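Hello,

Here is the structure I promised to pass on. Have a look at it first, and my notes follow below.

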Amino acid sequence: MSSLVFRIVRAVVLAVILVAAALALFLYLASERRLERRYDVQAGDVPVSDDSASIARGRYLYSTISCGLCHGDDGGGKVYVDQMPMGRMVGTNLTNGRGGVAGERTNLDWVRAIRHGVRRDSTSLILMPSEVFVNLTTADLGAVIGYLRSLPPVDRELPASGFGWLGRALLATGRLEILPANKTPPFREPEPVTPGPTAEYGRHLADIAGCHGCHGHGLSGGKVAGPPDLPPASNLTPAGLINWTQADFARLMREGLRPANAPVHEFMPWEVYRNMSDEDLAALWAYLRSVPPRPFGNK
């Protein structure tokens, strides 16, 4: 290779390296800008009680609206996604044990995190379903906070959530909607509804359990936001459940099995929903039967 050709090849290689480095720096700074954005949320006061009935209500809600999926059944946190180069997602240790945050959080901190998806420094949390939990009544949110404060200490030190190069690139270009503060609406106290096996209360349960997040506000299913290999959500309107009985629905929620013993996809958190009472499952079924029939995917 002549010296001229060598110099040209070297120049091209250096140019490619510089462009790649500049692009990597741009993506890092752009993603960091999104992660460091501050949100001005109006986190109102939430009364918190430590009486046994309130704590029991908080324990029930914690075990039925998917809190344990990320934070563990004991509240001690866990790594629930570890897929580099996309990223690693970690549910915080919510107790006052070693590695936990309960000892340093005020009631206002809990409200900002659960209801608005925002940390105490006003940056957004990652993958916190506050767009669902914003539907909790003030009394129920207070019960959840009271339960969290009652948790026994769990000594579990965990790594921080973080993004790999692919996650950074998707976040920087707006293709990874993973920051809850961007999509959580302002809080409005839900209309009071009496608990019971009614469609009205079933709609409230669907709101706080995240059913509409995957199946759509019309419950007709379709594409789910998340990893590309996820199957579409099922049509839960009467058009999609035309041959289902209430017993079929209860079995799905209790055992993760469709009619004819077909297992539901693992992304469906039936292991959480199986903790619901019979009355609450009956309310959900009544709600599903009450919505207008829709064709599949017409959310």
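**What I found**

Setting aside neighbours within four places in sequence, Phe133 is in contact (heavy atoms within 4.5 Å) with Ile65, Cys67, Ile114, Met128 and Ile208. Before going further: this is a predicted model, where local features need pLDDT of at least 70 and side-chain atom pairs count only at pLDDT 80 or more, while totals for chains, interfaces and linings use all residues. Residues are numbered from 1 along each chain as its sequence is written, and side-chain values use heavy atoms, leaving out hydrogens and water.

Phe133 also belongs to the largest nonpolar core, which has 51 residues; Ile114, Phe133, Leu148, Leu284 and Leu288 touch the most other members. Such a core is a set of buried Ala, Val, Leu, Ile, Met, Phe, Trp, Tyr and Cys residues joined through side-chain atoms within 4.5 Å, with buried meaning under 20% relative accessible area (1.4 Å probe, protein chains only). Helix 12 (278–290) is one of the helices that each supply at least two residues of this core, and the largest share, six residues, comes from helix 12. Helices are DSSP runs of H or I with at least four residues, and strands are E runs of at least two, both numbered from the N terminus.

Apart from that core lies another of nine residues, including Leu35, Met89, Phe163 and Leu170. Leu35 is also one of the buried residues of helix 1, together with Leu27, Ala30 and Ser31. The buried residues of helix 1 pack against strand 3 (162–163) and helix 7 (165–172).

Enjoy exploring!

Definitions and conventions. Buried means under 20% relative accessible area, exposed over 50%, partly exposed in between (1.4 Å probe, protein chains only).
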